[in-house]
Amino acid sequence: MEKVILDGKQVSQDIRKKLADRVETLKNEYEITPCLATILVGEDPSSETYVRMKGNACEKLGIKSEKIHLSADIDTEELLNTIERLNNDASVHGILLQHPVPSHIDERKAFESIAIEKDVDGVTSTGYGQTAFGFGKYPSCTPAAIMEILHYYGISAEGKNAVVVGRSPILGKPVSALLLNENATVTTCHSHTKDLPAVLSSADIVVAAIGKPQYIRGEWLKEGVVVLDAGYNKGNIGDVDYDSCYQQASAITPVPGGVGPVTISMLLKHTVDAAEESK
Ligand code: NAP
């Protein structure tokens, strides 16, 4: 059986090359510099790294990155005021509030206050609803990345059994909706699912979005399955047991270098899309 390693770095490079041309056109022909505002609340080191990586990726492509770092002791109101200011700032095209915010802040309320046309990270319930209905402009970036990888490699979801493990609002649920919109027969599993291996045994496509290192085992999968591992655990380890899943798979994403780099590229793409919409 021919095996394909779904190379996220290659997919990502391809997306960024195309985006660079669009950024140039926006600047030269419309005097618009796409701008992503990132909001970080508190001092969580992983969140700081994620925000820095996103900012660097923007700058490499000529997208302006406005970094807002708020102290951990602000209240929900102050965060809402910051988002409101960015909603009203015409030079800002996308807003990303880095998850998680400190627990005394109402994160859902803050996400919901992001203007839909600037919700490039796909965190609002309106954005999710539009994605599920099939006309969302900016689905959450990891689900969008998973679909982008399938498209890049010409893997159709049509008529396939897709099993998504995880149902978070930013990952499992929206990727289930996107696969359904592309005519897959979708099963969404979660921590209450009975006999996960039995459900997975009929999967043609598996999306792992659990947050548990090496949880999904190759023995649970049928031969020829396509495996997309969104997991990103300490030590650069995915949610699937790569070696045993590789044995069964016709195509599989590695970790790192799979879904992760494409996720950042989708954020950049959505920001450029939003800047073009603002013309
Ligand atoms: P999350 O909010 O913690 O959700 C995890 C989901 O997995 C929940 O729906 C949970 O079920 C389900 N689950 C937990 N244990 C399970 C089990 N034993 N069997 C079946 N389902 C189980 O996590 P998330 O934010 O969606 O992230 C998932 C993974 O993706 C993490 O590894 C994260 O680091 C990674 N991630 C990667 C990117 C990227 O860019 N590559 C972006 C975001 C997240 P319940 O709903 O029943 O609790």
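This is a predicted model: local features need pLDDT of at least 70, side-chain atom pairs count only at pLDDT 80 or more; totals for chains, interfaces and linings use all residues.
Buried is under 20% relative accessible area, exposed over 50%, and partly exposed in between (1.4 Å probe, protein chains only).

Helices (H or I, at least four residues) and strands (E, at least two) are DSSP runs, numbered from the N terminus. The centres of the two domains, taken over C-alpha atoms, are separated by 29 Å.

Now click Ile146. Neighbours within four places in sequence aside, Ile146 is in contact (heavy atoms within 4.5 Å) with Leu171, Val175, Val207, Leu228, Ala230 and Val259.

On to the ligand. Which residues are closest to the ligand? Arg167, Ser168, Ser191, Lys212 and Ala230 are, out of 22 that surround it, each with a heavy atom within 4 Å. Look for these polar contacts (pairs of N or O atoms within 3.5 Å; within protein, one must be able to donate a hydrogen and the other to accept it, and residues adjacent in sequence count only if both atoms are side-chain atoms):

- Lys212: a polar side-chain atom sits 3.0 Å from a ligand nitrogen.
- Tyr215: a polar side-chain atom is 3.0 Å from a nitrogen of the ligand.
- Tyr232: a backbone N or O atom is 3.0 Å from a ligand oxygen.

Last stop: Arg167, in the loop between strand 5 and helix 7. Arg167 is partly exposed at 39% relative accessible area. Ser168 lies in the loop between strand 5 and helix 7, and is partly exposed at 30%. The Ser168 side chain reaches the backbone nitrogen of Leu171 at 3.2 Å. UniProt's unreviewed entry lists Gly166, Arg167 and Ser168 under "binding site"; such annotations may be inferred rather than shown by experiment.

A note on the ground rules: residues are numbered from 1 along each chain as its sequence is written, and side-chain values use heavy atoms, with hydrogens and water left out. Local features need pLDDT of at least 70, side-chain atom pairs count only at pLDDT 80 or more, and totals for chains, interfaces and linings use all residues.

Conventions. Domain bounds come from an automatic or database domain assignment.
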